[in-house]
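Keep the 3D view open as you read.

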Amino acid sequence: MNVAEYITSGILESYALGTVSDQERREVECLSSIYPDIRTEIDELSEALEKYALLQSVEPPAFIKNKILEQLEFPVSEPSIVRPMYPSEPLSGPTFRTTWLVAASVGLLLLAFSFFLFSRLRNNQESLASLRTTNETLQAESRQLTDWQKKQDQVTALLRQPGTRTLVLQGNDKAPKGEVLVFWNATSKQVVINASSLPQLGPDQQYQLWSLVDGKPIDAGVFDVAQSGRAVQQLNRSIARADAFAITVEKRGGSPAPTMSTLLAMQPVNS
Amino acid sequence: MKRQSSLISESVLIERLHQHDQQAFQWLYDQYSPALYGVVLRIVRDDDQAQDLLQDIFVKIWKNLESYDATKGRLFTWMLNVSRNTAIDALRSRKTQPSNEIRTDEDSVHIVDRQHNTEQPNPDHIGLQDVVKQLRPDRKELIDLVYFGGYTHEEAAEELNLPLGTVKTRIRAALHELKQLFKS
């Protein structure tokens, strides 16, 4: 079909003016949906007539609008959704403001929430630190107790060994209430003492145990006055032979030979 | 132009109208009622009847929105056609009822037509008025007769004592002139 010829035939003008028959109208509408050029021509003619009609504009009396609205039925309307349709209104203004208000509120909330979280975190860190300290203290105590338990086990083992002797060394006039128990096993060469009732010494002094073999004193180890609960302590010297045991007060770390003036107690093994 | 800017959202408007949204209707009324009222007034030349007809027209538009097809033509054109047809029908039925007849002489339409043309132009459309003044008077007369008078080509030919072919050629030329004038 020759579109250009159809456009210039005059039928489109008649269509725009509304003077065509129903059949012609359907034909034009059908063809305009197929050929964009025909549609464009119709739109241009219609637009020209629209502008021509606009020239006739007369403001109708105001009451007519209400009279019409009374005759119409509207479903429940949603005004807020319709508003953006108005092209003449400054749409960006309130929307922009609202957006900022919302953004600012969210920001403040986030800030407050972060502060809350931060203070919570600090509290938690503090509790964690104190828990760690407590834990370390407990672990240290636990280690000490374990060590002590091992020593006690060794002492107990020694005491239960056959051949262990128990000697009671009574304090002389320098320590009248002093009493030291010496447990000695000649086979295992181990010595354990219980020295809870000796007087406390200065920080630079220690008690020293001596074993006497053929009249000669041999160092059997130094010890402090036992604290409560530490009544029994093993000395780290091997004593294979002893005729007697003696205790002196020496300088801290012990002396190679006993200071006789500080002799506190002495007890022969085979009494 | 005021109406031009509104065309951007015409598809949105149509969607709202199809949902029978009240605000969309109010906007439609505010935007188009002066033009439609002016056209109806131009056709029936009676304030009271034009006011009644304007109500009928908007009710009709509202109730027949479903039948408006945006793919077939422009919304304002569709509304104009509804208005013109309603007004022309009313004018014709009035003419067939002698008891209500005010003007028996058909020529009086054109007498009033010419009087009407001398009225003050709508200040919103002064630019357009100037444009229309460039339209050749014999062509303008034909457009008015057909568009606002509801005359068929044959009736117009008879009315103006012109051959049918001349009327057809002249109408086509008139519309094209109008198109070109508004385009520039």
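Strand 3 of chain A pairs with strand 6 (residues 232-235) of chain A in the antiparallel sense. Four bridges link these two strands. One bridge joins A:Asn194 to A:Val232 in strand 6 of chain A. Keep in mind that this is a predicted model.

Strand 3 of chain A also pairs with strand 2 (residues 179-185) of chain A. This pairing is antiparallel too, and it runs over five bridges. Here A:Gln190 in strand 3 of chain A stands opposite A:Asn185. Strand 2 and strand 3 of chain A form a hairpin with four residues between the strands. In that hairpin, A:Lys189 takes a positive phi near 60°.

Is strand 3 of chain A largely enclosed or open? Strand 3 covers residues 190-194 of chain A, and four of its five residues are buried, so the rest of the structure largely encloses it.

Now take chain A as a whole. It has seven helices and eight strands. Of its 271 residues, 21% are buried. Look next at contacts in chain A between residues at least 6 apart in sequence: 57% of these join residues at least 24 apart.

The table lists their packing.

| Helix pair | Angle | Axes apart |
|---|---|---|
| Helix 9 (residues 153-160) of chain B and helix 10 (residues 164-183) of chain B | about 110° | 9 Å |
| Helix 5 (residues 63-71) of chain A and helix 4 (residues 47-63) of chain B | about 40° | 10 Å |

Start with the pair in chain B. Helix 9 and helix 10 of chain B pack at an angle of about 110°. That angle makes helix 9 of chain B roughly perpendicular to helix 10 of chain B. Their crossing is right-handed. Which residues of helix 9 of chain B meet helix 10 of chain B? They are B:His153, B:Glu154, B:Ala156 and B:Ala157, and they meet B:Leu164, B:Val167, B:Lys168 and B:Ile171.

Helix 5 of chain A packs against helix 4 of chain B at about 40°. That makes helix 5 of chain A oblique to helix 4 of chain B. This crossing is right-handed. From helix 5 of chain A come A:Ile64, A:Lys67, A:Ile68 and A:Gln71. They meet B:Gln51, B:Leu54, B:Gln55, B:Phe58 and B:Val59 in helix 4 of chain B. By class, the contact has five nonpolar, three polar and one charged residues.

Technical notes:
Residues are numbered from 1 along each chain as its sequence is written. Chains are lettered from A and ligands numbered from 1 in the order in which they are written. This is a predicted model: local features need pLDDT of at least 70, side-chain atom pairs count only at pLDDT 80 or more; totals for chains, interfaces and linings use all residues. Axes are lines fitted to C-alpha atoms, for helices over the stretch in contact, and angles run from 0 to 180 degrees between N-to-C directions. Angles under 35 degrees count as roughly parallel, over 145 as roughly antiparallel, 65 to 115 as roughly perpendicular and the rest as oblique. A crossing is left-handed if the near helix is turned anticlockwise from the far one by less than a right angle, and right-handed if clockwise. Two residues are in contact if their C-beta atoms, placed from the backbone, lie within 7 Å. Ala, Val, Leu, Ile, Met, Phe, Trp, Tyr, Cys and Pro count as nonpolar, Asp, Glu, Lys and Arg as charged, and the others, Gly among them, as polar. A residue is buried if 20 or more other C-beta atoms lie within 10 Å of its own, exposed if 12 or fewer, and partly exposed in between; C-beta atoms are placed from the backbone. Two strands pair if DSSP finds at least two bridges between them.
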